[in-house]
Amino acid sequence: MEGKEKTSTKNLWQFFLLTFTFSWLCWLPGLLLTYGVLAPSQTLNTVTNALQWVGGIGPSLAALFLVTWNDGKAGLKGLFKRVIQFKLGLWYLPTFLLLPVAVILGHVINGLIFGAPFPQKDILSEPWWIPVLFAVFFVLQFSEELGWRGYALDRLQKRWSALFSSLLLGALWALWHLPMFLSEGFGQHDNQLPYGQFFITIILTTVLITWLQNNTNESLVPAFVMHAMFALSGEVLPLVEKNTRGQLDYSAWSITNILLTVIVIFVICKWGYKTLKKE
């Protein structure tokens with residue numbers, strides 16, 4: 001048993017090493033371009049843009065490599081089976097809306113308290129595009145969630161509690177995104193998103209995903225849905241807006257994080273901080 005635990009821990013840190021090394025090396029040219037270390041050129045810009053997309057598959061690529069290496073076809077089959085494990089129960093459907101509801105309430109409360117206008121995005125005038133965009137974001141999660149939740153979360157929970165595993169995974173997940181806030185071409189950098197607020201949101205979302213995954217027989221559907229909801233919410237109702245003076249306003253994001261914190265505390269108190277599972 002002890003030998004298996006050491007092997008699992010070894011594989012876990014191999015995953016993080018591979019993920020960060022692959023992704024950050026792909027994103028390094030963009031970082032060097034942003035800060036003038038490399039001289040811009042059409043060819044280099046094209047390569048950098050391509051590498052930004054390639055680097056995004058690092059988590060799932062690392063997981064697929066390690067699963068294939070250690071468990072072969074049987075391991076891959078088990079991993080992909082969890083992606084199509086949709087028998088979750090009706091009570092899970094409203095929980096998937098926790099994140100977008102928190103975002104909406106964040107904007108509403110921000111308007112009531114600070115008089116901020118509700119975001120008016122073009123997509124709101126054509127709401128039929130929202131489910132299409134959600135489907136696109138859901139598919140895009142294959143680039144990350146096979147790694148973060150399909151590989152890392154299980155192995156973290158074999159060694160630590162669900163809550164500590166979530167906090168650790170959330171912190172590492174947020175850290176992995178750091179180059180996106182420092183390099184031109186990424187939405188996080190170009191839209192001047194606040195890394196501190198993002199860090200908090202990522203950790204809170206990770207706890208909720210762990211809670212759902214642990215209660216759905218380790219299905220990866222909650223991770224795909226919640227991650228897609230996170231991306232969709234930011235696209236439809238961005239949490240960073242300009243105020244009347246043209247300055248960036250992060251109030252809605254702060255309020256949203258407070259609401260998510262309340263939800264997470266409720267989940268922990270009701271389901272227990274050790275397992276986040278139903279009794």
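1. On how to read the model. Because the structure is predicted, local features need pLDDT of at least 70 and side-chain atom pairs count only at pLDDT 80 or more, while totals for chains, interfaces and linings use all residues. Residues are numbered from 1 along each chain as its sequence is written, and side-chain values use heavy atoms, with hydrogens and water left out.

2. Helices (H or I, at least four residues) and strands (E, at least two) are DSSP runs, numbered from the N terminus. As general background, nonpolar side chains in soluble globular proteins tend to be buried together.

3. On Leu208 and helix H11. If residues up to four places away in sequence are not counted, Leu208 touches Met226, Leu260, Ile263, Val264 and Val267, where contact means heavy atoms within 4.5 Å. Helix H11 (residues 195-214) has 20 residues, and the distance from its first C-alpha to its last is 28 Å, close to the 28 Å expected at 1.5 Å a residue; the expected span is 1.5 Å times one less than the number of residues. Since 16 of the 20 residues of H11 are buried, this helix is largely enclosed by the rest of the structure.

4. On helix H7. The helix H7 (residues 145-157) is also largely enclosed by the rest of the structure, because 12 of its 13 residues are buried. The buried residues include Trp148, Tyr151 and Leu153, and also Glu145, Arg149, Asp154 and Arg155.

5. On the largest pocket. Its volume is about 1300 Å³, and it is lined by 36 residues, of which Phe137, Gly187, Gln188, Ala231 and Glu235 lie nearest its centre. Among the elements that give two or more residues to this lining are helix H2 (42-55), helix H5 (98-114), helix H6 (129-140) and helix H13 (251-271), while the largest share, six residues, comes from H12. The lining divides into 19 nonpolar, 14 polar and three charged residues; Ala, Val, Leu, Ile, Met, Phe, Trp, Tyr, Cys and Pro count as nonpolar, Asp, Glu, Lys and Arg as charged, and the others, Gly among them, as polar. A pocket is found on a 1 Å grid over the protein atoms alone, as an open set of points where a 1.4 Å probe fits, with protein on both sides within 12 Å along at least five of seven lines, and lining residues have an atom within 4 Å of a point. Grid points are joined across faces, edges and corners, and the volume is the space filled by probe spheres set on the points.

6. On the loop between H11 and H12. Asn217 has its place in this loop, and its phi is near 55 degrees, a positive value in a residue other than glycine. Glu218 is in the loop between H11 and H12 as well, with a positive phi near 65 degrees. Most residues other than glycine have a negative phi. Asn217 counts as exposed at 62% relative accessibility, and Glu218 as partly exposed at 40%.

7. On two serines. Ser183, in the loop between helix H9 (178-182) and H10, counts as buried because its relative accessibility is 0%, and, leaving aside neighbours within four places in sequence, it is in contact with Trp27, Gly30, Leu31, Thr34 and His189. Ser165 lies in helix H8 (residues 162-176) and counts as buried at 0% relative accessibility. The C-alpha atoms of Ser165 and Thr210 are separated by 8.8 Å, although these residues are 45 apart along the chain.

8. On Phe114. This residue of helix H5 counts as exposed at 55% relative accessibility. Leaving aside neighbours within four places in sequence, Phe114 is in contact with Ile109, Ser251 and Ile255, and its C-alpha atom is separated by 9.6 Å from that of Ala252, 138 residues apart along the chain.

Conventions:
Buried means under 20% relative accessible area, exposed over 50%, partly exposed in between (1.4 Å probe, protein chains only).
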